[in-house]
Amino acid sequence: MLGKLEQPEIEALLGRQVTGRLGCHAGGTTYIVPVNYVYKNGIIYAHSGPGKKIDMMRQNPEVCFEVDEIKNIFSWKSVIAWGKFEEITGMEEQQRAMQALIHRIMPLVEQPTGHPSHGITESEYDLGDKVDLIVYKIIIHKTTGRFEQN
């Protein structure tokens, strides 16, 4: 049976997942990339080093975000959200966003040497010194959700 997710189910799925796919489009190019995130009150919070997705979102802040939960080919849920990228520049909001990300992601780290700068730099001490950390949010303005259940 195929069906639509209701808004409470959409909110729950966005809140349960930790990795989603971010879609952005600028300069005639579409780019989709997985990102770790935390979801709170209609806003997706994430961070990145400088690069293609940040450059593209600065050019065109309208983005799309997708998460799914797949048990098998006949049992899955998927949410697509549309929203607007905003770079977080205020130190207090950056700290709150990073704290939420760390609390969400760190329980999933398997090795004690893992740190919140995963994939951006080899050492967390490089952040802010050798590597610029960009903290951003996606303010969601529309969502849809689908499911299949056997």
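**Group meeting talk: a walk around one predicted model**

Okay, let's begin at Asn-41, which sits in the loop between S4 and S5. Keep in mind that what you see above is a predicted model. Why do we call Asn-41 exposed? Because its relative accessible area is 75%, and the cut-off for exposed is over 50%. There's something else about its backbone: phi of Asn-41 is near 50 degrees, a positive value in a residue that isn't glycine. For background, most residues other than glycine have a negative phi.

Next stop, helix H3, residues 91-105. How far apart should its ends be? With 15 residues at 1.5 Å a residue, H3 should span 21 Å, and its end C-alpha atoms are 21 Å apart, so the two agree.

Now, which residues of H3 are buried? They are Gln-94, Ala-97, Met-98, Ala-100, Leu-101 and Ile-105. These cover an arc of only 160 degrees around the axis, which means that they're on the same side of H3. If you're wondering about the pattern, an α-helix has 3.6 residues a turn, so residues three or four places apart point the same way. And what covers those buried residues? Strands S3 (29-36), S4 (38-40), S5 (43-48) and S8 (134-148) are included in the cover.

Side chains of opposite charge can pair when their charged atoms come close. How many salt bridges does this structure hold? There are 6.

Take Glu-87 and Arg-58, whose side chains form a salt bridge at 2.8 Å, N to O. Glu-87 is in strand S7 (residues 75-87) and Arg-58 is in helix H2, so this pair ties together parts that are 29 residues apart in sequence. Glu-87 is partly exposed, at 31% relative accessibility, and Arg-58 is partly exposed too, at 46%.

Then there's Lys-137, which makes a salt bridge with Glu-93, with the closest N and O atoms 2.8 Å apart. This one links distant parts of the chain: Lys-137 in strand S8 and Glu-93 in helix H3, 44 residues apart. Lys-137 counts as buried at 12% relative accessibility, while Glu-93 comes out partly exposed at 24%.

Lys-53 is buried, yet it has no salt bridge, and the nearest side chain of opposite charge, Asp-55, is 10 Å away. What its side chain does have is a polar contact with the side chain of Ser-48, at 3.1 Å. Beyond its sequence neighbours within four places, Lys-53 is in contact with residues including Leu-22, Tyr-31, Val-33 and Tyr-136.

Last one: His-141, in strand S8. Buried or exposed? His-141 is exposed, at 55% relative accessible area. Its side chain makes a 3.3 Å polar contact with the side chain of Glu-62. Leaving out residues up to four places away in sequence, His-141 also touches Trp-82, Gly-83 and Lys-84. And between His-141 and Gly-42 there are 99 residues of sequence separation, but 8.1 Å in space, C-alpha to C-alpha.

Definitions and conventions:
Residues are numbered from 1 along each chain as its sequence is written. This is a predicted model: local features need pLDDT of at least 70, side-chain atom pairs count only at pLDDT 80 or more; totals for chains, interfaces and linings use all residues. Side-chain values use heavy atoms; hydrogens and water are left out. Helices (H or I, at least four residues) and strands (E, at least two) are DSSP runs, numbered from the N terminus. The expected span of a helix is 1.5 Å times one less than its number of residues. Buried means under 20% relative accessible area, exposed over 50%, partly exposed in between (1.4 Å probe, protein chains only). The arc is that of the directions from the helix axis to the C-beta atoms. Contact means heavy atoms within 4.5 Å. Lys and Arg count as positive and Asp and Glu as negative; His and the chain ends are not counted. A salt bridge is a side-chain nitrogen of Lys or Arg within 4 Å of a carboxyl oxygen of Asp or Glu. A polar contact is a pair of N or O atoms within 3.5 Å; within protein, one must be able to donate a hydrogen and the other to accept it, and residues adjacent in sequence count only if both atoms are side-chain atoms.
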